Amino acid sequence: MSKREHLIYDPEHECMSRDQLLALQSVRLVETVKREYENVPMYRARMDEKGITPDDIRSVEDLKLLPFMEKTDLRDYYPFQLLASQKSEIVRIQGSSGTTGKPIVAGYTRNDVNVWSNMMARTLTAAGCTRDDIVQVAYGLGLFTGGFGAYQGADRLGAMVVPMSSGNTQRQIMMMKDLGVTLLCCTPSYAAYLGETIHEMGLVPGKDIHLKAGCFGAEPWTEAMRVRIEALLGIDACDIYGLTEIAGPGVAFECLEKHGMHINEDHVIAEIIDPATGEPLPYGQSGELVFTTITKTGMPMLRYRTHDICSLTVEKCACGRTLARMSRITGRTDDMLIIRGVNVFPSQIETVLVGTQGVAPHYMLIVDRVNDSDTLEVQVEMTEDMFSDTVSHIEAVHKHIADQIKSVVGISAKVTLVAPKSVPRSEGKAKRVIDKRKL
Ligand code: ADP
Ligand code: ZN
């Protein structure tokens, strides 16, 4: 049994009986399906095609009748066609990278920003945060949801927020030390990097740095990484999960028991499906995580396939919350990579290469982690003509590709032009990625 003190932001909802929760979810689901059917022609057509109407959805039991939504829907109906509210009701746009060069965007009503802030307030509270804390937000503040999410949650708690955004490590550490920051929000890899830099600077956690906990997420990490971050910074490191399409960070969060992330189930319904058949799987089994939002009004998502692989449990947690927990994300069912917190699809790189004269669409992405920071190398084959061209021309093409990748994907990559026919060919599915971080 844990001897920890567990703080809970909204016990009424976080500790509800499973029966009460199911009843609440059902009411909210019915409302959401009606709203979606009446306002989003694409989803109405999808339901019509399956021969179902909102009247067929009476409880969570009926969820499995509904058609899925996908990331490609956000691209195909970009930017506003999935809105279930008037455009004038939308008070915020957040975005993320899509499967091609275009970002995907999500519109939030005042209600949705509220829901999200509430989820993040619960998240921070679960890590031990109160209004007496000083919260440093070192997630990027911008179109990406990380920074704003953490900011909103801390603001809701009445904590003192330091909205640093990402990068500028020396300055982050100076603020952390001078202000006596107690809670850190950033990606786990950046937390480790901050920790190492703190030690290199000769600063001592507990003496110069007063952090007690951190909420780290937006990318996959491991227990080994947790142990490392906790030792480097002298803190409790909690995992936090989210995605732009559903709300941003805070969809699920760890309590100080640190054994899986509680899902904010009064706001979202989580399912695990078999990725091949789409059939729902029971608790405990690993499969693809699917979310249905039941309180969002701007851009509700029904049975949204995240492509993230994990399992769920409703076993009792010592913290007192009854919310189901999801395991760490163990992989993806598609080829999305997360590099320095940015979603990267090999197809985005391919789009750049196919549009460039002088190179063949034969490439290999090599992802690695150096000094706790992800690196991306793109090896691309030159055509025979290009191979015997002038050095200055080759350099120009090289620069063009690097610039294009930066602008389309949003991160910089090391581009290496290699000789024709030197990228290994495959007879089956092409192997385009070597992810050394997994070793
Ligand atoms: P965010 O800003 O939260 O990263 P995005 O929409 O850009 O949101 O990316 C969402 C994706 O990031 C998820 O589908 C998942 O693959 C990954 N992700 C987010 N949080 C975690 C986490 N704690 N562990 C593993 N993967 C995560
Ligand atoms: Zn718990």
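Mentor: Helix axes are lines fitted to C-alpha atoms over the stretch in contact, with angles from 0 to 180 degrees between N-to-C directions. Helices (H or I, at least four residues) and strands (E, at least two) are DSSP runs numbered from the N terminus. The model is predicted, so local features need pLDDT of at least 70 and side-chain atom pairs pLDDT 80 or more, while totals for chains, interfaces and linings use all residues. Residues are numbered from 1 along each chain as its sequence is written, chains are lettered from A and ligands numbered from 1 in the order written, and side-chain values use heavy atoms, without hydrogens and water.

Trainee: How should I read a helix pair, and at what angle do the axes of α2 and α3 cross?

Mentor: Two packed helices are described by the angle and the distance between their axes. Here helix α2 (residues 18-39) and helix α3 (residues 41-50) have axes that come within 6 Å and cross at roughly 105°. That makes α2 and α3 roughly perpendicular (65 to 115 degrees; under 35 is roughly parallel, over 145 roughly antiparallel, the rest oblique).

Trainee: Which residues of α2 and α3 meet?

Mentor: From α2 come Val-33, Glu-36, Tyr-37, Glu-38 and Asn-39, which meet Pro-41, Tyr-43, Arg-44, Met-47 and Asp-48 of α3. Contact means heavy atoms within 4.5 Å.

Trainee: What about α5 and α6: how do their axes lie?

Mentor: The axes of α5 and helix α6 (residues 145-157) come within 7 Å and cross at roughly 75°, so this pair is also roughly perpendicular. On the α5 side the residues involved include Val-113, Trp-116, Ser-117, Met-120 and Leu-124, and on the α6 side they include Phe-148, Gln-152, Gly-153 and Arg-156.

Trainee: Is Ser-117 buried or exposed?

Mentor: Ser-117, in helix α5, is buried, at a relative accessible area of 5% (buried is under 20%, exposed over 50%, partly exposed in between, with a 1.4 Å probe and protein chains only). Setting aside neighbours within four places in sequence, Ser-117 touches Gln-152, Gly-153 and Arg-156.

Trainee: Where does Met-326 sit, and which residues does Met-326 contact?

Mentor: Met-326 belongs to strand β14 (residues 325-326) and is buried, at 1% relative accessibility. Beyond neighbours within four places in sequence, its contacts are Tyr-241, Ala-252, Gly-260, Met-261, Ile-263, Leu-289, Cys-310, Ser-311 and Leu-312. By contrast, the C-alpha atoms of Met-326 and Lys-414, 88 residues apart along the chain, are separated by 35 Å.

Trainee: Which residues coordinate the zinc ion (ligand 2)?

Mentor: Donors are N, O and S atoms within 2.8 Å of the metal (3.2 Å for Na, K and Ca), and sites may look incomplete because water is not among the atoms. The zinc ion (ligand 2) has Cys-255 (SG), His-262 (NE2), Cys-317 (SG) and Cys-319 (SG) around it, at 2.1 to 2.3 Å. Their spacing in sequence is C-x6-H-x54-C-x1-C. Two of these residues are buried: Cys-255 with a relative accessible area of 1%, and His-262 with 0%.

Trainee: Why is the arrangement around the zinc ion (ligand 2) called tetrahedral?

Mentor: The ideal angle for four tetrahedral donors is 109.5 degrees. The four donor atoms here subtend angles of 103 to 115°, so the arrangement is tetrahedral (all angles between 85 and 135 degrees).

Trainee: And the backbone: which peptide bond is cis, and where is the phi of Arg-303?

Mentor: Most residues other than glycine have a negative phi, and most peptide bonds are trans. The bond from Tyr-78 to Pro-79 is cis, with omega near -10°, and Pro-79 lies in the loop between α4 (71-76) and β1 (90-97). Arg-303 has a positive phi, near 45°, in the loop between β11 and β12, and Arg-303 is buried, at 2% relative accessible area. Asn-168 also has a positive phi, near 60°, in the loop between β4 (160-163) and α7 (169-179).

Trainee: Which residues does Leu-302 contact?

Mentor: Leu-302 lies in the loop between β11 (287-293) and β12 (304-310) and is buried, with a relative accessible area of 0%. Outside four places in sequence, its contacts include Val-33, Glu-36, Tyr-43, Phe-68 and Phe-291.

Conventions. Tetrahedral: all angles 85-135°; square planar, octahedral: opposite > 155°, others 65-115°.
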